[in-house]
Amino acid sequence: MTSRLQFTPVESLEDLNRVNDAQKRAFRALADADPGLIGRRVQAYARRWEEALAHVEPGSQLLDIGCGRISQTIFDKITIGHQLDYHCMDIDQTTVAGVRDKLQAIGYNAENAMRSDNTVIPFPDGKFDFIFTSHCLEHSIDIVRTILECRRVLRSDGKLFLAVPLGFDDSAEHTLFLGPEEWLSLLSLCGFRVISYTVGFKYVEVGDLVVVAVRDGSSVDETGAQRLASRFGKADGTFARATDRVFTFPPGAIVNSNATIMRGIGSVCQISIELPPRALVIGRNDWAGMVLIEDGASGLALDAYSSVPYLCGVDLVGFAPNFRVKIIGCNTMACDQQIAIAGILF
Amino acid sequence: MPDERDMDQSKTFGDISSLDELNRVNDAQKATFAALLAAEGDALSERRQSAYLIRWLEGLAHVGYDTTLLDIGGGWPVGRVWATVILAHRTNYHLLDIDGAIIADARRRLPEYGLPAGNANIGINTVLPYEANMFDVVFSSHCLEHSPNLPQTLSEIFRVLKPNGKLVFAVPFGFDDSDEHLICLDVDNWIAATEMAGFDVLNYHLGKTYVMAGWDPFVLAQRKSEQPDTQALRALTSRYTKAGRTFVAPGSSLFQYSGNIVESGSHRVLNGAGSAVIVTPPRPVDGVLFLRHNFSGVVEITAGQQSQLCDLYSHIPYVQLVATADAASEVKVRVIGRSRGSEQAVLHGVLLAPSA
């Protein structure tokens, strides 16, 4: 594994299809190695729909963004079981054609399924009572536009149910590395009121964030939203892993496959990069302690403890290229005073 | 050291040791709700019932059909909830509540849903009148926090559930000054308590779908086969109970502030790194209370020889009890920095040990 990655911007439908195809190939390889994987995914996805449907009145107009190859069982539950007027969109043409066949078979309008990327929702203002979207929004080429499009097509008091992965990974198809707090803030800035959220699941393999938000009269701060999204975007960034020469760890630090761990109060990691930092990527988990990140002029204290493990991008915009990370303690729930550093984005 | 006469702006919480006392404090809460209902009318009742139905559907998404289920503290029967739970999900529904009138009504109506009247029983959540391994599911919304003995309540739930049975519950979290909520666990503590009681927490979400209750965690857990760690659970709950303890508000003369301090209602905001407060009460401090929100920063709390760091940033505003480990006569809180919020802490008060 090389110690550096360069992220290129994903700005068009072609770019999006290119990075997503890479992800789909990787998933197929995983599924070949683990025959039970697809079955478990389908089961978890069905459960997710059950949770969402708790919030939908029968007879509602529903939009599924990034529907994928929806199974017949789930499709029947939504349409026949819950009497919902199902609409959907996906960027993949064959996926859309498949859903159109399903729609026609039960006498629904084939045009309920449309091909589009999620920054353009090809339906009129205020049409929907409910939007369901699972692991699609994070693929947006302009997340603020996508969320505002959701707002536009939802009626007043309509609900948005979304599931997205948490934090940072080094893939090209996830152009953002928003953590739970940032996703919730972004939704508020885009005129949604969050009424429920879940951080992490044990019943699917990958911990993620699930949110139910209401499109109410809340005001929209598009500038603020764009500022937040750009601080948590990878485009044009260089990611140096913790094994890169820019990191100087104390003796005894443990090198893992995706992070380097240092332990104990007072331990210091020095970081010197060529350009100003954008985000420090650390592992949040229930072994993690509290750290102070300082460059001589400014400082940030951070509790890395989390009951759900994920890689978190800590916003360091405004920090100098030379700074240090020092362990200063831990909270009473944490198992250890340690910090796992995965790398730095600059 | 100041004596008890200096304890202005304080309130001492009682203990609850009988069904009668539990009914008394809960009746006070119910009277408050009845007054609201009289003022707002059917619209409030309608919103509550819709919210309650959503809660049930969220729970049923994880437990499915054809189960034997116990609802602890279910309250008055709601027709559309029963239609969904009992008829649509074919649930063998059992109900336990401390209120005799509720149980009488439930017994009258259960046969209409094809279930025996005996499926409804009067009881407190520390003693479940059922055989071991009887239920596939225990559901409980806003009842466990009323337990006068949470370890016993959770151990009773463990007993009546089958191995791998599901526990689905919602509770308020954090500190409030009511008499009916004697436990003030925060979300992480509730999760830890559930695991110590012999359950695997599979999932939880935080929501405010339940009208008027503010944010609450809704937890999905699965009963493990091995016996629970009751000792750890008792230690945790005894640190986070209000019973017998005294709350003192930050305007009291027991608090000595330094740095940039702003009064905000009954709260005191410690602004900027270095701002601090020293509390020297006549009895040991068992915990410090903060109003956490998304402007809050990081504080250092020193009690006797022990010092702990606490990041008070929270997306959801609520009052957290930070238990202090060492029974110290002097406690110091100092703002040391910020994470996502700003360099400030909102002090809500302290909780003192019971008088000897």
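Predicted model: local features only at pLDDT ≥ 70, side-chain atom pairs only at ≥ 80, totals over all residues.
1. Where the two domains of chain A meet, 11 residues of domain 1 are in contact with 11 residues of domain 2. On the domain 1 side of chain A, the residues touching domain 2 comprise 4 nonpolar, 4 polar and 3 charged.

2. Chain B is also assigned a domain 1 and a domain 2, with bounds 19-239 and 245-352. Between the C-alpha centres of these domains of chain B the separation is 33 Å.

3. How many residues of domain 1 of chain B are in contact with domain 2 of chain B? There are 9, and they meet 8 residues of domain 2 of chain B. The domain 1 side of this contact in chain B consists of 5 nonpolar, 1 polar and 3 charged residues.

4. Two packed helices are described by the angle between their axes and the distance between the axes. In chain B, helix α5 (residues 150-160) packs against helix α7 (residues 230-239) at an angle of about 140°, and their axes are 9 Å apart.

5. Which residues bring α5(B) and α7(B) together? From α5(B) come Leu150(B), Pro151(B), Leu154(B) and Ser155(B), and these meet Thr230(B), Leu233(B), Arg234(B) and Thr237(B) of α7(B). Sorted by class, the contact of the two helices holds 4 nonpolar, 3 polar and 1 charged residues.

Technical notes: Residues numbered from 1 in each chain as written. Chains lettered and ligands numbered in written order. Domains from an automatic or database assignment. Contact = placed C-beta atoms within 7 Å. Nonpolar A, V, L, I, M, F, W, Y, C, P; charged D, E, K, R; others polar. Axes fitted to C-alpha atoms, helices over the stretch in contact; angles between N-to-C directions. Helix = DSSP H or I, 4+ residues; strand = E, 2+ residues; numbered from the N terminus.
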